[in-house]
Amino acid sequence: MATGTNTLWDRFLAPIVRSFIDEEALQRFDRSVDWEAEVDRLHDSTLVYPDYYRSQNFHGIRGGYLTSGAAVSYDPITGYVLPPNETWVRQSAIEAITVRPRRILDLGCGTGSQTLMLKRAFPQAETIGLDFSPYMLFMGEYKAKNAGLEIGWRHGSAENTGFADRSFDLIALALVFHETPTEISQAILRECYRLLSPGGEVIVLDGNQQALRQTDWLTEVFEEPYIKEYSAGNVADWMRQAGFAAVTTRDFWWIHQVTRGVKPSAGSSPEVAETPDIADFDLGALAT
């Protein structure tokens with residue numbers, strides 16, 4: 001995992017995390033995969049990577065997520081840098097779901113950690129994970145096969161998926177928006193609105209925007225090109241602008257947030273079941 005040289009991650013956290021990770025085992029796994037064949041199998045040749053994705057080094061990794069090294073190292077590293085516990089954080093998004101979905105889409109699914117949890121939570125639902133990186137999709141597919149879970153994997157763009165209108169009951173996005181420009185995050189939510197059937201839900205798990213604004217050093221830990229732009233925004237407002245109703249935001253362990261929105265049914269009020277956003281509360285007081 002090659003990083004920059006000026007981030008807090010490279011100077012302090014990377015050495016600590018590396019002390020807990022068997023890098024030789026990761027390298028052996030990396031060498032055991034015929035990446036060219038696997039990427040060719042999963043890759044959509046018609047897909048054009050936008051500049052915001054292909055030109056950035058997410059997490060300070062050269063080449064971003066379009067490398068095998070990023071795909072192989074993502075899970076071991078995330079397990080140590082998503083406090084207090086990656087599974088607990090991801091479960092907070094699962095617990096926000098109120099629908100009983102028949103068809104689930106996990107956008108920006110990465111290596112499929114959230115996708116697998118969604119499938120386990122709703123085993124009867126058809127579940128699909130979509131991501132820009134075929135390398136990450138391979139890891140998701142590999143994990144699903146080992147877990148005995150039937151999940152579909154799609155190489156594609158979250159803002160222009162190509163799926164039919166009203167074809168999903170639940171859409172999840174975990175740790176995606178802090179890695180996209182605001183205009184792209186808003187475009188993704190508009191796509192979610194198009195894809196959801198009336199009464200369907202969108203669930204967004206990501207960094208707590210107010211906490212990031214109040215604790216600026218958190219935005220410096222990793223080399224994330226869009227995190228400051230993300231922290232200045234408001235996912236709940238973006239959802240409302242996309243047409244979602246009953247929008248709520250809840251924090252988890254102060255530095256994470258889960259935002260939920262519902263696509264209104266015909267004739268329903270857009271403010272039905274509206275509850276306050278976490279932005280209405282003083283997170284600074286919670287941190288003391």
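What percentage of the 288 residues in the protein chain do buried residues make up? In this predicted model, the buried share comes to 56%. The secondary structure of the chain consists of 13 helices and seven strands. Among contacts in the chain with a separation of 6 or more, 74% are between residues 24 or more positions apart.

H5 spans residues 68-81, and its axis comes within 8 Å of that of H8. The two axes cross at roughly 45°. An angle between 35 and 65 degrees is classed as oblique, and H5 and H8 are therefore oblique to each other. The crossing of H5 past H8 is right-handed. On the H5 side, the contact is made by Ser68, Ala70, Ala71, Val72, Tyr74 and Asp75. The H8 side contributes Tyr135, Met136, Met139 and Lys143.

The second pair consists of H5 and helix H2, which covers residues 23-32. Here the axes come within 10 Å, with a crossing angle of roughly 140°. At this angle H2 is oblique to H5. H2, too, passes H5 in a right-handed crossing. Leu26, Phe29 and Asp30 are the H2 residues at this contact, and they meet Ser68, Gly69, Val72, Ser73 and Pro76 of H5.

Aromatic pairing was searched for over the whole structure, and 14 pairs were found. One of them is formed by Trp35 and Phe138 in an edge-to-face arrangement. The ring centres of Trp35 and Phe138 are 5.0 Å apart, and the planes make an angle of 70°. Trp35 belongs to helix H3 (residues 35-42) and Phe138 to helix H8 (residues 134-147), so the pair ties together parts of the chain that are 103 residues apart in sequence. Both Trp35 and Phe138 are buried. Ring pairs also join Trp35 and Phe138 with Phe29, Tyr135 and Tyr142 in a cluster.

Arg103 lies over the face of Phe168, at 4.5 Å from the ring centre. The charged end of Lys263 is placed over the ring of Tyr193, with a distance of 4.8 Å to the centre of that ring.

Thr115 is located in helix H7, which runs over residues 113-121. Its relative accessible area is 0%, so Thr115 is buried. Leaving aside residues up to four places away in sequence, Thr115 touches Asp106, Cys109, Thr127, Ile128, Gly129, Ile151 and Trp153. Thr115 and Ala144 are 29 residues apart along the chain, and their C-alpha atoms are separated by 8.9 Å.

Backbone geometry was then considered. Most residues other than glycine have a negative phi, and most peptide bonds are trans. Against this background, a cis peptide bond joins Pro83 and Pro84, with omega about 0°. Pro84 is found in the loop between H5 and helix H6 (86-94).

Positive phi values occur at Arg166 and Ala246, neither of which is a glycine. For Arg166, phi is about 55°. Arg166 is found in the loop that runs between strand E3 (152-155) and strand E4 (168-174). The relative accessible area of Arg166 is 55%, so this residue is classed as exposed. For Ala246, phi is near 50°. Ala246 is part of strand E6, residues 245-252. With a relative accessibility of 8%, Ala246 falls under the 20% cut-off and therefore counts as buried.

Definitions and conventions. Residues numbered from 1 in each chain as written. Predicted model: local features only at pLDDT ≥ 70, side-chain atom pairs only at ≥ 80, totals over all residues. Heavy atoms only, no water. Helix = DSSP H or I, 4+ residues; strand = E, 2+ residues; numbered from the N terminus. Buried < 20%, exposed > 50% of the residue type's maximum accessible area, 1.4 Å probe, protein only. Contact = heavy atoms within 4.5 Å. Phe/Tyr/Trp six-rings, centres within 6.5 Å; stacked < 30°, edge-to-face > 60°. Lys NZ or Arg CZ within 6 Å of the ring centre and 35° of its normal. Axes fitted to C-alpha atoms, helices over the stretch in contact; angles between N-to-C directions. Parallel < 35°, antiparallel > 145°, perpendicular 65-115°, else oblique. Left-handed = near helix turned anticlockwise from the far one by under 90°.
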